[in-house]
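Let's take a walk through a protein model together. Have a look at the picture first, and then we'll go through it piece by piece.

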Amino acid sequence: MKRQLIWFRQDLRIQDHSALWHATQSGQSIAFIALSPQQWRKHHDAPIKIDFYLRQLQQLKQQLNALHIPLIVDIVPEWHDLPKHILKHCDTLNIENVHANIECGVNELQRDFQVQKTLNQHACDLILYHDRSIFPVGSIRNKSHQPYQVFGAFKKYCYEQLSISIPHPYPTPEPQKLFDIEVENAVQISHSIPNLQQLGFENNDFYSKWQVGENHAHTILDHFIEHQVLNYQTARDFPHLEATSQLSPYLNLGILSIRQCLNALFRQQQGYFHINNIGQQTWLDELLWREFYQHILFDFPRISKNIPFKINTQYLQWRNSPEDLKAWQQGQTGIPIVDAGMRQMLQTGWMHNRVRMIVAMFLSKNLLIDWRLGEQWFMQHLIDGDLAANNGGWQWCASTGTDSVPYFRIFNPISQSKKFDENGDYLRKWLPEIAHLDAKTIHEPYAKKPNLQLDYPQPIVDLKMSRQRAIEAFKHLTA
């Protein structure tokens with residue numbers, strides 16, 4: 001009897017899973033996952049994200065067991081060895097087709113091409129499904145049949161399509177007939193899931209504070225839709241408030257699907273595209289920014305290769321300043337809002353989105369340090385580090401990407417801090433050495449009292465001077 005193999009990657013759930021649904025409708029199914037620690041290091045994946053992945057994988061294994069779907073766990077250090085591993089399982093287990101959901105990075109597409117090529121040579125196929133995005137990548141085109149490069153036009157197209165139909169989640173498969181693949185095929189297969197240390201990564205106590213599980217992700221989603229989305233547009237920019245969904249880690253690992261988010265957002269409208277309030281529209285737009293960057297990643301593969309979206313900006317003369325870079329990385333710049341954000345990330349694996357923009361623009365503009373060093377540092381520490389969204393956000397801030405902020409519009413971090421953390425609540429939480437300062441002083445402690453004695457560094461850069469320096473560097477490109 002021919003079987004189906006479901007290859008899980010960044011999609012660790014059983015509800016609304018395209019590849020899982022199609023595979024189980026085609027016959028008896030077996031699940032497969034490859035853990036690739038060396039590849040993760042090459043991609044700068046954060047240990048906290050890998051730990052989150054492994055803990056969710058334990059949950060997925062239990063869910064698959066309930067569906068009587070065995071999970072094969074292979075450790076394949078690098079992706080170039082994957083074709084032979086998958087082919088071995090296909091031969092041993094009498095697999096007809098391998099089913100997986102599309103991933104858009106250059107390395108991921110190349111990996112899948114090599115797997116498909118190998119399988120096709122042995123009368124087997126890799127069938128890929130669109131699952132990570134609302135619309136199939138490569139399908140959204142303007143009137144000139146070219147991919148959109150501006151978010152506004154892309155969003156308008158998405159609104160038009162969603163008004164026709166909001167995509168529905170796939171059903172969860174029914175349990176299949178119980179079977180023992182090792183007994184039936186006289187093979188021994190690994191089902192054990194290693195922990196972070198067994199794969200050669202250091203653990204940290206705060207990693208486990210991020211709870212895994214599909215049910216937990218849906219609890220967060222439902223609470224956000226019911227209690228927070230109404231005020232999302234106004235409250236989301238204030239980092240001391242718990243006003244954002246914080247669903248990005250769950251979307252990134254596919255614990256939650258984009259279709260599930262859309263259906264929750266329009267639940268009160270019985271699944272029809274009807275926007276009731278500005279908060280609902282603002283969160284929808286955030287989901288579409290995520291969508292936009294997925295399509296950009298697919299249509300413009302150069303951004304997977306450390307090449308800026310705006311080609312001419314690769315000639316920018318970035319500063320080489322290891323001292324300034326380290327101060328930024330460790331939250332020791334003397335600019336409180338920047339340091340608070342960087343320390344939040346180091347201590348929790350997450351950073352508020354408004355603060356992400358502030359710290360990214362500070363690095364790429366005020367310090368004039370290559371945005372790619374910041375992009376890499378974020379990937380190495382964020383639990384929700386996603387190639388498309390992280391790259392898109394960094395290039396937006398550095399004025400090298402799509403829809404970029406004009407190079408001469410540079411956030412003043414002090415003004416941003418005063419506007420979005422007026423009383424300094426966010427600063428006090430992450431910067432205990434200045435927590436005693438009053439609300440007027442805490443945003444720039446040394447501004448009026450340069451000789452103030454604090455266990456906190458003086459600013460490493462003059463904001464006014466550095467702003468002008470950045471403008472001159474960018475202006476030189478357009479001269």
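**Inside the cores**

Start with tryptophan 283: leaving aside residues up to four places away in sequence, it touches Leu221, Phe224, Ile225, Val229, Tyr232, Ser245, Leu247, Cys261 and Leu265 (contact means heavy atoms within 4.5 Å). Trp283 and Phe8 touch the most other members of the largest nonpolar core, which has 77 residues. A nonpolar core is a set of buried Ala, Val, Leu, Ile, Met, Phe, Trp, Tyr and Cys residues joined through side-chain atoms within 4.5 Å, and buried means under 20% relative accessible area (1.4 Å probe, protein chains only). Apart from that core lies another one, of 49 residues, with Met361, Leu368, Cys397 and Ile442 among them.

Keep in mind that this is a predicted model, where local features need pLDDT of at least 70, side-chain atom pairs count only at pLDDT 80 or more, and totals for chains, interfaces and linings use all residues. Residues are numbered from 1 along each chain as its sequence is written, and side-chain values use heavy atoms, with hydrogens and water left out.

Now for some helices (DSSP runs of H or I, at least four residues, numbered from the N terminus). Helix α4 (residues 82-93) packs with helix α5 (residues 106-120) at an angle of about 40 degrees, their axes 9 Å apart; axes are lines fitted to C-alpha atoms over the stretch in contact, and angles run from 0 to 180 degrees between N-to-C directions. On α4, Leu82, Pro83, Ile86, Leu87 and Cys90 make the contact, and on α5 it's Arg111, Gln114, Val115, Thr118 and Leu119.

Further along, helix α16 (residues 371-381) and helix α17 (residues 387-398) pack at about 145 degrees, with axes 10 Å apart. Here α16 brings Trp371, Gly374, Glu375, Phe378 and Met379, while α17 brings Leu387, Asn390, Asn391, Trp394, Gln395 and Ala398.

How values were computed. Buried means under 20% relative accessible area, exposed over 50%, partly exposed in between (1.4 Å probe, protein chains only). Helices (H or I, at least four residues) and strands (E, at least two) are DSSP runs, numbered from the N terminus.
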